[in-house]
Amino acid sequence: MKLLSPVTILVLCLFASCQYDPFAGDLTTKRPRFTDVLGTYRLTKQTVNEKELSKADSAACIKLIADGTFIVSNLPNFLGDTGKYVSPQSLISSKGKWNIDVVGGVDNGIGHEKWNWGVVLTNMPDDLATIGFTGDSPPYGLMITNDDPDLGRVIVFSKK
């Protein structure tokens, strides 16, 4: 029986460890129109932990207002300590400015990366300040990716 060389083993390990973001296909890769993203988005799903969404969790929302401001209300603290933004009930609420911008990239697997469009929020914790849009056309959704995208840890909002 022939043993594999150390180089072959290393290459196999690298290929085996490569994964793919399970939500990459949901991300918006064409810049949406400003007017198409205005409105209120409600929390509909999270895969950061195994906790089921409660009725109170479903009340969490992100509101994008036409004057360029936003309001985040009652977002459960799925991501851990976020400093001054967290209330004693572990809910995150904030107000600030928002704008549409590139928040990442989506690779189709053969090296052709497309931009992922989303919103950048001021006055928010760093891990919640860039949120990707989902969908190819209105109504768009919002998705916060936690940690390595290949892990599939997301917080999803749908427009209501």
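Two strands are taken to pair if DSSP finds at least two bridges between them, and both helices (H or I, at least four residues) and strands (E, at least two) are DSSP runs, numbered from the N terminus. The structure is a predicted model, in which local features need pLDDT of at least 70 and side-chain atom pairs count only at pLDDT 80 or more, while totals for chains, interfaces and linings use all residues. Residues are numbered from 1 along each chain as its sequence is written, and side-chain values use heavy atoms, with hydrogens and water left out.

Under these rules, strand β7, which spans residues 141-145, pairs with strand β8 (residues 154-159) in the antiparallel sense over four bridges, and within β8 the bridge partner of Leu 142 is Phe 157. Strand β7 also pairs in the antiparallel sense with strand β6 (residues 130-134), here over three bridges, and Leu 142 in β7 stands opposite Phe 133. Four of the five residues of β7 are buried, and the strand is thus described as mostly covered; buried means under 20% relative accessible area, exposed means over 50%, and partly exposed lies in between (1.4 Å probe, protein chains only).

Strands β6 and β7 form a hairpin with six residues between them, and Gly 135 in the turn has a positive phi of about 100°. The loop between β6 and β7 also holds Pro 139, and the peptide bond that leads from Pro 138 to Pro 139 is cis, with omega near -5°. For orientation, most residues other than glycine have a negative phi, and most peptide bonds are trans. Asn 74, which is located in strand β3 (residues 69-76), has a positive phi of about 55° although it is not a glycine, and Asn 74 counts as partly exposed because its relative accessibility is 34%. Asn 123 lies in the loop between β5 (113-121) and β6; the phi of Asn 123 is near 60°, again a positive value in a residue other than glycine, and with a relative accessibility of 38% Asn 123 counts as partly exposed.

Aromatic rings were examined next. The rings of Phe, Tyr and Trp (its six-membered ring) pair if their centres lie within 6.5 Å, and planes under 30 degrees apart count as stacked, over 60 as edge-to-face and the rest as tilted. By this rule the count comes to two aromatic pairs. One of them is formed by Phe 34 and Trp 98 and is stacked, with 5.1 Å centre to centre and 5° between the planes. This pair links distant parts of the chain, since Phe 34 is in helix α2 and Trp 98 is in strand β4 (residues 91-107), 64 residues apart. Phe 34 counts as partly exposed because its relative accessibility is 36%, whereas Trp 98, at 6%, counts as buried. In the pair of Phe 133 and Tyr 140 the ring centres are 6.1 Å apart and the planes stand at 50°, so this pair is tilted. Phe 133 is buried, with a relative accessible area of 0%, and Tyr 140 is likewise buried, with a relative accessible area of 7%.

Helix α2 (residues 34-37) also contains Asp 36, which counts as buried because its relative accessibility is 17%. When neighbours within four places in sequence are left aside, Asp 36 is in contact (heavy atoms within 4.5 Å) with Tyr 41, Pro 138, Tyr 140 and Lys 159.
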